[in-house]
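Student: I'd like to learn how to read aromatic rings, a ligand site and a core in a structure. Can we go through them together?

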Amino acid sequence: MGRVTSRTADLWHHYGRARACTDREVPGTFHWTWSQDIGPGPEVLGDLTGTRVGDLGAGAARHAVYLATRHQPARVVAVDASPAQHAMATDLYGHLAPRLRIVHADVVSHLHATHSEYDVLYSVFGAVDFTDPGRLLPAAAAALRPGGRLVFSTLAHYLSGAAARTDVVPSDIRAKTPSGEEATMRRWVLQEDVWTKLLDAAGFTAIEVNVLPATGEGPRSVDTLLVRARFPK
Ligand SMILES: C[S@@+](CC[C@H](N)C(=O)[O-])C[C@H]1O[C@@H](n2cnc3c(N)ncnc32)[C@H](O)[C@@H]1O
């Protein structure tokens with residue numbers, strides 16, 4: 001059977017689908033780590049009171065919902081390119097509008113269309129992992145107001161345990177089409193100093209990268225990189 005690419009099918013169709021059938025609650029926690037059960041939380045984003053916040057690759061929008069309901073931002077915009085994820089987020093949390101705005105778009109297009117509109121942009125293993133950083137990071141810089149923040153969590157190494165890349169090259173990772181066919185999608189798994197150079201080149205300052213170590217054991221035990229940067233005033 002031929003392999004398909006992300007251009008021809010929604011490769012995020014299955015992601016979070018089982019959970020959405022049973023868990024429609026407003027989340028009680030916000031974590032950055034791969035395991036989603038420990039480590040720093042939304043305080044990393046700073047005081048969100050009155051801010052415009054964007055979640056890049058929000059999936060079912062659970063992180064965005066947490067911020068919209070437990071903090072006092074002016075608005076949280078949950079952006080996702082997947083029709084399935086957008087539909088899931090709308091079904092689960094569409095009633096939280098206008099505090100939460102659920103947008104179906106590629107983040108690069110969305111960010112270019114929202115010049116200097118955001119105070120805070122973040123991604124939890126979201127679009128930053130799956131989009132060419134040479135396109136996404138300059139677009140994020142353009143969408144931030146002076147002094148705005150970009151924060152994202154991403155893999156510190158491959159799920160196999162192999163080291164992250166020292167160059168800006170994606171890897172093809174396995175995915176499934178809605179009908180279950182094998183497919184691939186691109187994922188950028190980059191070392192700390194590579195992210196730092198990319199952010200610097202996109203105009204960011206105050207770049208900070210921390211490793212959040214995995215807490216569990218076994219093959220699915222994964223370290224997280226937590227990356228923070230500012231768009232200068
Ligand atoms: C691993 S999921 C993470 C979702 C969510 N952040 C979470 O923690 O549950 C990655 C998400 O990023 C979205 N995504 C990837 N590239 C994107 C892009 N260029 N524009 C918008 N969304 C994108 C996918 O559709 C998918 O929903």
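Tutor: Let's begin with rings: those of Phe, Tyr and Trp (its six-membered ring) pair if their centres lie within 6.5 Å, and planes under 30 degrees apart count as stacked, over 60 as edge-to-face and the rest as tilted. Here, Phe30, Trp32, Tyr66 and Tyr122 form one aromatic cluster. Bear in mind that this is a predicted model, where local features need pLDDT of at least 70, side-chain atom pairs count only at pLDDT 80 or more, and totals for chains, interfaces and linings use all residues. Residues are numbered from 1 along each chain as its sequence is written, and side-chain values use heavy atoms, leaving out hydrogens and water.

Student: How many aromatic pairs does a search of the whole structure find?

Tutor: The search finds 9. Take Trp12 and Tyr15: their ring centres are 5.4 Å apart and their planes stand at 90°, so this pair is edge-to-face. Phe204 and Phe231 are edge-to-face too, because their planes are at 75°, with the centres 6.4 Å apart. Phe204 sits in the loop between α7 (192-201) and β8 (205-212), and Phe231 in the segment after β9 (224-230), so the pair ties together parts that are 27 residues apart in sequence. Helices (H or I, at least four residues) and strands (E, at least two) are DSSP runs, numbered from the N terminus.

Student: Is Phe204 buried or exposed?

Tutor: Buried means under 20% relative accessible area, exposed over 50%, and partly exposed in between (1.4 Å probe, protein chains only). Phe204 has 2% relative accessibility, so it counts as buried. Phe231, at 23%, is partly exposed.

Student: Which residues are closest to the ligand?

Tutor: A residue is near a molecule if one of its heavy atoms lies within 4 Å of it. In this model 19 residues surround the ligand, and the closest are Gly57, Asp80, Asp106, Val107 and Val124. A nitrogen atom of the ligand lies 2.9 Å from a backbone N or O atom of Gly57. For Val124, a backbone N or O atom is also 2.9 Å from a ligand nitrogen.

Student: And which residues have the most contacts inside the largest nonpolar core?

Tutor: A nonpolar core is a set of buried Ala, Val, Leu, Ile, Met, Phe, Trp, Tyr and Cys residues joined through side-chain atoms within 4.5 Å. The largest one has 36 residues, and Phe30, Trp32, Leu45, Leu67, Leu100 and Tyr122 have the most contacts inside it. The largest share of this core, 5 residues, comes from α2.

Definitions and conventions:
A polar contact is a pair of N or O atoms within 3.5 Å; within protein, one must be able to donate a hydrogen and the other to accept it, and residues adjacent in sequence count only if both atoms are side-chain atoms.
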